[in-house]
Amino acid sequence: MAVVFERPKSLLDVSTHYCPGCTHGIVHRLVCEVLDEMDIAGDTIGVCPVGCSVMAYDYFGCDMIEAPHGRAPAVATGVKRTNPDKFVFTYQGDGDLAAIGTCETVHSATRGENIVVIFINNTIYGMTGGQMAPTTLPGQVTQTTPFGRDPKLAGYPVRVCEMLSTLTGTAYAHRVAVDSVPHIREAKKAIRKAFENQKAGKGFSIIEVLSTCPTNWGLTPVEALQRLRDDMIPYYPLGVYKDITADEEGNK
Amino acid sequence: MTTEILLAGFGGQGVLFAGKILAYCGLMDSKELSWLPSYGPEMRGGTANCSVCISDEPIGSPLVLAPDILVAMNGPSYDKFINAVKPGGKVFIDSTLVEAKCERTDIECYYIPSSQLADDNQLKGGSNIILLGKIIKETGIFSLETMKKAIEKVVPPSKAHLIANNFRAIELGMNN
Amino acid sequence: MERNLMKGNEALAEAAIRAGCKCFFGYPITPQTELAAYMAKRMHKAGGVFLQAESEIAAINMVLGAASTGVRAMTSSSSPGVSLKAEGISYLAGSDVPALIINVQRGGPGLGGIQPSQADYWQATRAMGHGDFHILVFAPSSVQEMVDMVTKAFDTADKYRVPAMILADGLLGQMMEPVTFPEIDANAHDKSSWAATGHKNEREHHIINSLYLQPDGLEKTVVERFKRYEIIKAEETDAELYLTEDCDILLCAYGASARVAKSAVNSARELGIKAGLFRPKTLWPFPVKEINEAAKNASVILDVEMSMGQMIDDVKLALNCSKPVEFFGRTGGIIPTPAEVLEEIKKLGGAQ
């Protein structure tokens with residue numbers, strides 16, 4: 001019988017600590033499929049953050065470094081600058097990338113660091129039990145916004161792809177989602193393109209993945225996917241925010 | 001024996017540079033030596049000073065508090081350090097910029113209108129080097145030859161054309 | 001060997017490049033700035049990486065990344081900047097990643113001042129970040145020693161997989177002295193058993209990590225690390241003993257203040273006072289054996305620091321409080337004078 005689907009080799013055969021219905025598993029798989037398809041796992045160093053994916057080093061089969069909270073892009077910079085022939089990616093959540101690590105994110109982007117950043121936006125701090133994230137939507141109830149996020153008190157969400165696309169050093173900024181098969185396919189294409197960019201020395205590529213957190217949202221996995229579609233995508237429109245390779249194509 | 005030298009003036013007068021030449025003289029003569037600049041806001045235009053120790057022994061504290069040789073390139077530096085000079089010490093004063101006359105009798109003061117001399121001899125900014133020439137003449141701490149070698153070492157290659165001017169300034173100092 | 005005249009900060013940088021340091025990540029701060037400037041000029045030519053980071057925090061984490069791949073990496077800063085690096089240093093220690101951190105100390109706390117100080121002794125030797133750990137701390141007192149200790153620090157860090165710090169100060173960083181650069185073997189340590197360099201499909205993946213959610217797992221790694229610390233304590237201490245054989249008053253000082261203390265000891269000897277100097281070159285591990293040797297005939301100890309008294313704790317602990325330990329220090333960026341220290345020596349009397 002023909003094999004039509006299997007676990008990518010780079011995704012280690014271990015059970016994860018992620019909650020049922022969490023979309024981290026999908027994104028892990030997509031990243032590993034790309035590593036396998038490009039046959040680069042043996043030359044890849046991943047950097048995981050502090051947050052739900054803190055233990056991703058046990059799941060990704062490539063060499064892994066666990067960074068301090070928010071510092072993954074700086075750690076990745078250190079790796080890539082001293083090992084320019086290796087592939088380097090970070091895998092970060094919204095609190096890690098857009099709150100405590102905003103400085104490292106913005107500056108690694110503006111320097112055009114030749115790395116891939118996988119950014120999981122699920123509008124909440126998952127690991128610590130559901131507090132407000134920089135991406136929490138206005139009105140969204142979390143442990144630290146029990147009456148809903150009031151922008152007058154807690155400010156507005158950060159739209160990361162939009163912000164980073166203003167920087168000259170950013171090569172590629174693409175927001176995708178993993179709520180449906182077509183979106184997941186689109187997400188994988190984006191991740192592949194980001195790694196191809198790195199291979200071609202294009203610079204900083206960020207793939208923002210709209211994701212779910214059924215546990216801390218208080219929803220079933222299916223309801224969570226529906227919320228992603230109904231509430232998140234309107235606020236965080238999907239699409240390519242910057243792509244210097246497209247511009248290069250256009251100029252030809 | 002350790003000779004402790006303190007050079008002081010405004011930022012921009014070449015106080016640190018003159019100190020560096022003395023330090024390199026020590027290096028050329030295989031002496032122990034240290035060079036310590038004041039640092040901080042004065043790097044941006046205020047007062048600047050620099051401690052140089054030359055010795056046959058390893059240098060202890062590199063900070064010169066009671067100099068054997070003081071170079072005073074402006075009034076405030078003169079006022080600040082003149083009483084710190086060791087008895088028997090020697091003071092080299094740019095008398096173009098320092099009006100005061102020293103009343104201490106236990107030290108020897110040399111008044112050289114070095115800024116004026118520099119201007120008169122087309123050696124703009126050479127007052128510091130003129131004073132160095134006077135120092136080697138009056139103290140004998142280094143030979144002219146050593147100082148010339150030090151200057152060749154300190155002047156960056158991009159400014160090598162200034163070496164001749166520096167030699168001229170040294171000799172001007174020795175002869176005034 | 002040729003004697004070069006160099007500023008301490010520049011000598012540190014040159015020595016690091018010669019020691020095979022492949023990357024420098026830093027952020028501007030007085031009084032260590034010349035070090036970064038020198039690296040900016042030289043590192044690229046030497047085939048390495050210089051990068052000015054967006055913050056001290058980013059800089060130390062770039063070091064974490066680079067050092068995790070097995071290359072010699074370093075950063076430098078001055079006191080307030082080193083506080084910001086504390087997080088990354090704790091992660092380096094917890095991940096068993098060797099790297100070099102240089103602190104050209106200035107006065108504190110807070111923004112403090114920019115003049116030389118030794119007020120970060122406690123930070124360096126006691127609490128260079130959260131958690132149960134130590135780093136190696138070297139204390140040079142001349143520009144030549146800065147050069148020699150850079151190599152030593154990299155080597156020792158690599159040998160034990162422990163981060164190392166050179167605890168200098170603004171005086172040593174800014175002063176020029178003659179230095180020579182000895183020939184060194186920069187690639188003595190094989191890091192292939194742990195470094196994250198890509199497994200090439202030839203080995204299990206390497207993980208550089210400090211997270212252990214199971215307490216017994218965390219305890220095990222910490223206890224293992226402390227066993228290494230015990231070896232370091234036994235084998236890696238270093239100190240200078242100056243005129244201690246017959247000394248009655250033993251001065252204890254490190255770094256810049258040891259130069260001042262040595263001048264005072266010499267003056268005291270001229271007056272017939274039997275003074276000597278114990279100068280630790282490693283602050284962690286503290287040279288316990290050496291100080292006990294130096295103090296064997298002393299009746300009193302005088303600890304001299306450019307702080308309100310921090311190393312004095314280690315002096316007392318090392319001597320098990322068996323002798324009176326007096327203190328003289330200046331702080332805030334003031335360098336004590338040999339005359340002041342001599343006065344203290346005279347006050348303590350001492351056999352002539």
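A:Y172 stands opposite A:S205, a residue of strand 6 of chain A. This is a predicted model, in which local features need pLDDT of at least 70 and side-chain atom pairs count only at pLDDT 80 or more, while totals for chains, interfaces and linings use all residues. Residues are numbered from 1 along each chain as its sequence is written, and chains are lettered from A and ligands numbered from 1 in the order in which they are written.

Strand 5 (residues 170–177) and strand 6 (residues 204–210) of chain A pair in the parallel sense over seven bridges. Two strands pair if DSSP finds at least two bridges between them. Helices (H or I, at least four residues) and strands (E, at least two) are DSSP runs, numbered from the N terminus.

## The sheet they belong to

What is the order of the strands in the open sheet of eight strands? The order is 7(A)-5(A)-6(A)-4(A)-3(A)-1(A)-2(A)-9(C), with mixed pairing. Its edge strands, each pairing on one side only, are strand 7 (239–243) of chain A and strand 9 of chain C.

Helix 2 (residues 72–82) of chain A packs on this sheet, touching strand 1 (44–48), strand 2, strand 3 (87–93) and strand 4 (116–121) of chain A. Contact here means that C-beta atoms, placed from the backbone, lie within 7 Å. The direction of helix 2 makes about 175° with that of strand 3 of chain A; axes are lines fitted to C-alpha atoms, for helices over the stretch in contact, and angles run from 0 to 180 degrees between N-to-C directions.

## Chain A as a whole

Chain A has 10 helices and seven strands. Its radius of gyration, taken over C-alpha atoms, is 17 Å, close to the 18 Å that the globule rule (2.2 Å times the number of residues to the power 0.38) gives for 252 residues, so chain A is as compact as a globular protein of that length.

## Where chain C meets chain A

Strand 2 (residues 63–66) of chain A and strand 9 of chain C run parallel and are joined by two bridges. Here A:I65 stands opposite C:I208.

In total, 35 residues of chain C are in contact with 28 residues of chain A. Which helix of chain C gives the most to the side that touches chain A? Helix 3 of chain C does, with nine residues.

Conventions
Contact = placed C-beta atoms within 7 Å.
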